[in-house]
Structures are given as structure tokens and as C-alpha cells.
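Subject: Structure handover

Hi,

Here is the structure I promised to pass on. My notes on it follow below.

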Amino acid sequence: MKHSTLLLSSLCLLSACSSASNTTAQPPQTLSLYASPQSQQQRALVSYARQYLGTRYVWGGTSPKGFDCSGYIQYVYRHFDIDVPRTTASYPTMFDQAVPITQAKVGDLIVFTGTDPSTRRPGHAGIITQVGKGKLHFIHSSSSKKHFGVTETNYYQSGYPKRFLKLVRVQ
């Protein structure tokens, strides 16, 4: 009995090894964030970003223990090997990659002023999660008492249009 169990185990092991050796390794696919209207990479980015919905806002926060807006954005993009500056104050270095808001795509970085829209410099930002006719949603980490922490916002049904600065196509 022991001998037949050992023989059967050996045969299973050998057949598993031989079938593994007959498979051809596939090269990894490099996906562009903007390869198609809603690419696999874009869906993966939104799915990953949404895992942190409800995470609390922490000024200067850069981890799931707590995020500020730019710490959250950097954390999400870094997971996909996309480099962005750590602070919104540094975002103008990316403004050469700006596109009109009417050409927004999932995965774009949307940049706003701080809470005072008359001060026209970056102070808040988010990542576009949905685009459609009359629809533009973004995910961000907010310090607002009404929507504290990582939340998803409908741009057109919020106070953000008056604070809009740029839409950046990150690479």
C-alpha cells in the first residue's frame, strides 16, 4: 500500500513537472494607461484607487494609515510605476502635459486651487475615475468636514468647477 501511494505521488509530480515544462512563458504586456477608451490599465488604476475609499485624511499623509490629497495621488500612481510630484505645489511642472477638460480620460490628474478659488495655484487634486456625457467623477483625499478622507466626487455636482486649474495626462 505504501509503495503504490509513493508510486502514484511520484507519477503525479512527474506529470505536473512535465506539463509545466511544455508551456511557453509569455512576455509581460506593457499597457499604456491611455491605450483605449477604457483600457485594462485604467480599470486596474480605478479599482486600486477605490480600495482606499473611506481612508481618513491626514495632513502630510502618504500611506493607508492616512492620506492628504497629493500623498494619496502619489501612492496610487506609484503602484503603477507612474511618477508624480509629492506636493500639489509642484504640479505645475506637469502642466506641459495638460489637456482640455473636455478631453478628460480615466486616470488623468485633475488639479484645483485650494479652498480660495481666487488664489490660482494648485492646492488640491484628484484622479479621474469616470467620464461620460455630463459626467466627470474623480477620487481624492479631502479635508472637508462634509467629505472627509478618500472619497469620490461628481465634478459637475460639486463646488470644484470654480476651483479647476488643469487636467494633466500623466504618463
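Strands β4 (residues 109-113) and β5 (residues 122-132) run antiparallel and are joined by five bridges. Strands here are DSSP E runs of at least two residues, helices are H or I runs of at least four, and both are numbered from the N terminus. Two strands count as paired if DSSP finds at least two bridges between them. T113 sits opposite P122 of β5.

β5 also pairs with strand β6 (residues 135-142). This pair is antiparallel too, with five bridges. I128 has F138 in β6 as its bridge partner. The hairpin of β5 and β6 has two residues between the strands. There, G134 takes a positive phi near 70°.

Before the rest, a word on the source. This is a predicted model, in which local features need pLDDT of at least 70 and side-chain atom pairs count only at pLDDT 80 or more, while totals for chains, interfaces and linings use all residues. Residues are numbered from 1 along each chain as its sequence is written, and side-chain values use heavy atoms, leaving out hydrogens and water.

Now the whole chain. It has three helices and eight strands. Their order along the sequence is α-α-β-β-α-β-β-β-β-β-β. Of the 171 residues, 40% are buried (under 20% relative accessible area, 1.4 Å probe, protein chains only). Take contacts (heavy atoms within 4.5 Å) between residues at least 6 apart in sequence: 51% join residues at least 24 apart. The accessible surface is about 10,200 Å², and carbon and sulfur atoms hold 55% of that (Shrake-Rupley method, 1.4 Å probe).

Best wishes

Conventions
Buried means under 20% relative accessible area, exposed over 50%, partly exposed in between (1.4 Å probe, protein chains only).
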